[in-house]
Amino acid sequence: LGRAFQIQDDLLDLTADSAAWGKTIGGDLMEGKKTYLLLRALERSEGEEHAWFRRALAGLPADKVPEARARMDALGVLADAAAEVQRYTQLGSEGLDVIPESPAGAALRELALGLAQRVT
């Protein structure tokens, strides 16, 4: 569930509605953070596009964030990230099956799954 949460966070950082998100869209890219999205883009890209993403490791100016999003979308990185969130959420959910049924167990399941699947 932690991986699902982190990938979802990376995805929201680039795709969320800025008013609802409460943070600068693309802030991770502007800071040069090695997010799931950026690392996956580096794995999938070649040639000039790969060089473009390598330069992004040093951080991007705000006006380049939409281009980064478009490039990642074209590579299938955003769809891949969403699929990975679902996969890790499923795996994590199965791991919670060992917790006995109780109000506390139900609360833990709700909290954990809610964090992994949040939209803001």
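Trainee: How many helices and strands are there in the chain?

Mentor: Eight helices and zero strands. Helices (H or I, at least four residues) and strands (E, at least two) are DSSP runs, numbered from the N terminus. Along the sequence the pattern reads α-α-α-α-α-α-α-α.

Trainee: Before we go on, what are the ground rules?

Mentor: This is a predicted model, where local features need pLDDT of at least 70, side-chain atom pairs count only at pLDDT 80 or more, and totals for chains, interfaces and linings use all residues. Residues are numbered from 1 along each chain as its sequence is written, and side-chain values use heavy atoms, with hydrogens and water left out.

Trainee: What box do the C-alpha atoms fill?

Mentor: Roughly 55 × 30 × 20 Å, taken along the principal axes.

Trainee: And what share of the residues is buried?

Mentor: Of the 120 residues, 39% count as buried. Buried means under 20% relative accessible area, exposed over 50%, partly exposed in between (1.4 Å probe, protein chains only).

Trainee: On to helices. How far does α1 reach?

Mentor: Helix α1 covers residues 2-15, which is 14 residues. From first C-alpha to last it reaches 20 Å, close to the 20 Å expected at 1.5 Å a residue. The expected span is 1.5 Å times one less than the number of residues.

Trainee: Which residues of α1 are buried?

Mentor: Ala4, Ile7, Gln8, Asp9, Asp10, Leu11, Leu12, Asp13 and Leu14.

Trainee: How do α4 and α7 cross?

Mentor: The axes of α4 (residues 36-44) and α7 (residues 77-95) come within 10 Å and cross at roughly 125°. Axes are lines fitted to C-alpha atoms, for helices over the stretch in contact, and angles run from 0 to 180 degrees between N-to-C directions.

Trainee: What do we call that angle?

Mentor: Oblique, therefore. Angles under 35 degrees count as roughly parallel, over 145 as roughly antiparallel, 65 to 115 as roughly perpendicular and the rest as oblique.

Trainee: Which residues make the contact?

Mentor: From α4, Tyr36, Leu37, Arg40, Ala41 and Arg44. From α7, Val77, Leu78, Asp80, Ala81 and Glu84. They divide into six nonpolar, no polar and four charged. Here Ala, Val, Leu, Ile, Met, Phe, Trp, Tyr, Cys and Pro count as nonpolar, Asp, Glu, Lys and Arg as charged, and the others, Gly among them, as polar.

Trainee: Now single residues. What does Leu78 touch?

Mentor: Leu78 is in α7 and is buried, with a relative accessible area of 10%. Leaving out residues up to four places away in sequence, Leu78 touches Leu11, Leu14, Thr15, Leu37, Arg69, Met72 and Asp73.

Trainee: And Thr89, buried or exposed?

Mentor: Buried, at 4% relative accessibility. Thr89 also lies in α7. Gly114 is 25 residues from Thr89 in sequence, and their C-alpha atoms are 9.8 Å apart.

Trainee: Where is Thr35?

Mentor: Thr35 sits in the loop between α3 (27-30) and α4. Thr35 is buried, with a relative accessible area of 8%. Beyond residues up to four places away in sequence, Thr35 touches Asp10 and Asp28.

Trainee: Which loop holds Leu60?

Mentor: The one between α5 (47-56) and α6 (65-75). Leu60 counts as buried at 10% relative accessibility. With residues up to four places away in sequence left out, Leu60 touches Leu29, Met30, Trp52 and Ala68.

Trainee: Last one. Is Asp63 buried or exposed?

Mentor: Exposed, at 60% relative accessibility. Asp63 is in the loop between α5 and α6.

Technical notes
Contact = heavy atoms within 4.5 Å.
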